Amino acid sequence: MSSEAISSTEYIKHHLQNLTWGRLHDGTLGFAHTPEEAKEMGFWALNVDSFLVALVLGGLFVFLFSRVAAKATAGVPSGMQNFVEWILEFIDNSVRSSFTARNPIVAPLALTLFVWIFLMNLMDLLPIDFIPMAAQAMGIHYFKVVPTTDPNVTFGMSIVVFAMILYYSIKMKGAGGFFAELAFQPLPKAAMPFNLVLEGVNLIAKPVSLALRLFGNMYAGEMIFILIALMGATWVSASVGSTVMFGSQILLSLGWGIFHILIITLQAFIFMTLTVVYLDMAHQEHH
Amino acid sequence: MNINATLIAQAIMFGLFVWFCMRFVWPPITAALAARQKQIADGLASSERGRNELELATKRASTILHEAKQQAADLVAQAEKRGVAIIEEAKEQARVEGDRIIVGAKAEIEQEVSRAKEQLRDQVAHLAVAGAEQILRREVDAKAHADMLASLKGGL
């Protein structure tokens with residue numbers, strides 16, 4: 001809690017607001033100080049917190065992995081190499097089991113998605129007030145530390161995946177083949193408009209569901225952490241009620257945190273696996 | 001929660017990370033993994049080969065040992081046989097030699113005996129002649145003989 005005066009609603013709102021940088025109402029560039037200001041910035045604004053955390057975590061991933069890759073030997077692997085190889089083999093196996101065509105981009109794509117999303121989700125396990133309070137102490141008004149609770153981030157990734165689905169569908173089947181896949185099934189050719197609508201929705205649903213699933217899960221998880229954090233905030237005095245609330249905040253955030261370890265890994269895995277499956281479908285001639 | 005340019009930034013970042021991963025992370029590590037896999041497979045194969053070779057060598061060694069033992073036993077038996085034969089031969093030779101010596105000695109003895117007999121015979125003859133001479137020398141009477149010689153002369 002930043003100050004005594006802040007209410008629960010404000011606390012929640014504060015935690016759900018990104019640090020947005022863009023053109024302010026008076027025409028100058030700067031950070032938004034209220035959610036309304038952020039909204040007014042329109043499309044051409046940047047959520048600096050999501051962007052920076054995603055960049056740092058992605059950079060950490062490529063830095064660690066490429067350092068291992070540069071020193072990778074066929075001999076006895078070091079601890080870090082062992083760890084990286086373990087992840088790599090895990091990704092390689094799951095890609096092999098669900099991707100039947102040959103495309104050298106898919107496995108690295110899956111690796112990047114899994115590790116990056118996992119790291120971004122992992123930020124959810126940081127104590128919920130630490131980073132925002134530290135940011136506030138440095139004069140930064142908002143700081144949302146989990147990039148995957150920002151739909152921009154999840155949609156940013158799923159749009160790239162969608163573009164790849166379209167690209168490989170057309171590359172593998174030709175524009176005509178891709179259109180035929182959308183138009184001439186599941187019903188016979190006569191029902192083309194119906195087929196187009198059905199398959200079109202099916203196609204659009206892929207990136208949308210991909211992004212919203214991750215965003216929704218992380219957002220909901222974050223929300224529960226916020227609500228748990230509110231319990232201790234009802235502290236008024238060293239009364240029995242306050243103590244019970246305070247104690248249950250500790251227990252609940254511990255319990256939810258442990259459970260959340262499962263969720264963040266699972267969501268990263270699901271995003272990766274579905275991406276691989278969608279790309280596999282894009283590569284396959286329809287039966 | 002506004003959709004804004006973060007979307008684009010994220011998409012670009014994502015693309016760059018994937019490219020980087022595809023370029024610098026994935027190939028070296030999978031190459032190392034494949035190389036290690038090959039090394040292990042080779043090692044296992046060569047150990048298997050080594051074990052087979054060892055088995056063969058053990059088998060061969062035991063065969064050779066067995067043969068050597070057999071040969072040694074044969075040699076000993078042969079030597080024993082030979083030894084016995086030599087002893088027998090020597091005995092036989094000794095017997096033959098002995099016989100020969102005995103025969104030679106007997107012949108010599110006989111010769112000696114006959115020579116002695118011959119000598120004795122000679123000496124007996126001499127003695128007889130000498131004895132006769134002695135006897136004759138005593139019996140001869142010059143007067144009587146002179147009468148006889150004189151009658152002989154008259155007859156002439």
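**A guided tour of chains A and B**

Select B:Glu88 to begin: its relative accessibility is 44%, so this residue counts as partly exposed. The model on display is predicted.

**Along helix α1 of chain B**

The side chains of B:Glu88 and B:Lys91 form a salt bridge, with N and O 4.0 Å apart. Both residues belong to helix α1 of chain B, residues 6–139, where they are 3 residues apart and therefore separated by about one helical turn. An α-helix has 3.6 residues a turn, so residues three or four places apart point the same way. B:Lys91 has a relative accessibility of 54% and is classed as exposed.

Next, select B:Glu92 and B:Arg95, where a salt bridge of 2.8 Å, N to O, joins the two side chains. These residues also lie in helix α1 of chain B, again 3 residues apart, or about one turn of the helix. B:Arg95 is partly exposed at a relative accessible area of 49%, and B:Glu92 is likewise partly exposed, at 39%.

**The interface of chain A and chain B**

Now display both chains. The contact draws on 56 residues of chain A and 29 residues of chain B. About 3600 Å² is buried between chain A and chain B, and carbon and sulfur atoms give 77% of that area. Select A:Phe43, A:Ala74 and A:Asn152 next: together they supply 17% of the area that chain A buries against chain B, more than any other three residues.

How many salt bridges cross the interface of chain A and chain B? The rule finds 1. To view a salt bridge between the chains, select A:Glu85 and B:Arg36, whose side chains meet at 2.9 Å, N to O. Polar contacts between chain A and chain B number 9 residue pairs, both residues being at pLDDT 80 or more.

Colour the elements of chain A on this side. At least two residues each come from α2 (35–40), β3 (45–47), α3 (48–71), α4 (79–98), α5 (106–122), α7 (151–183) and α8 of chain A. Which element gives the most to the side of chain A that touches chain B? It is α3(A), with 12 residues.

**A buried salt bridge in chain A**

Select A:Lys173 and A:Glu181. These residues form a salt bridge, with the closest N and O atoms 2.7 Å apart. Is A:Lys173 buried or exposed? A:Lys173 is buried, because its relative accessible area is 10%. A:Glu181 is buried as well, with a relative accessible area of 14%. Over all chains, a search of the whole structure finds 11 salt bridges.

**Helix α8 of chain A**

Select residues 192–233 of chain A, which make up helix α8. This helix has 42 residues and reaches 59 Å from its first C-alpha to its last, close to the 62 Å expected at 1.5 Å a residue. Where does α8(A) carry a kink of about 35°? The kink lies at A:Ala205, shortly before the proline A:Pro207.

**Last stop: A:His15**

Finally, select A:His15, which is found in helix α1 of chain A, residues 8–15. A:His15 has a relative accessible area of 6%, so this residue is buried. The side chain of A:His15 makes a polar contact of 2.7 Å with that of A:Asp129. Apart from neighbours within four places in sequence, the residues in contact with A:His15 are A:Ile128, A:Asp129, A:Pro132, A:Lys144 and A:Ile226.

Terms used: Residues numbered from 1 in each chain as written. Chains lettered and ligands numbered in written order. Predicted model: local features only at pLDDT ≥ 70, side-chain atom pairs only at ≥ 80, totals over all residues. Heavy atoms only, no water. Helix = DSSP H or I, 4+ residues; strand = E, 2+ residues; numbered from the N terminus. Buried < 20%, exposed > 50% of the residue type's maximum accessible area, 1.4 Å probe, protein only. Polar contact = N/O pair within 3.5 Å; in protein donor to acceptor, adjacent residues only side chain to side chain. Contact = heavy atoms within 4.5 Å. Expected span 1.5 Å × (residues − 1). Bend = angle between axes of the 7 residues up to and from the residue. Buried area = accessible area lost by both parts, 1.4 Å probe.
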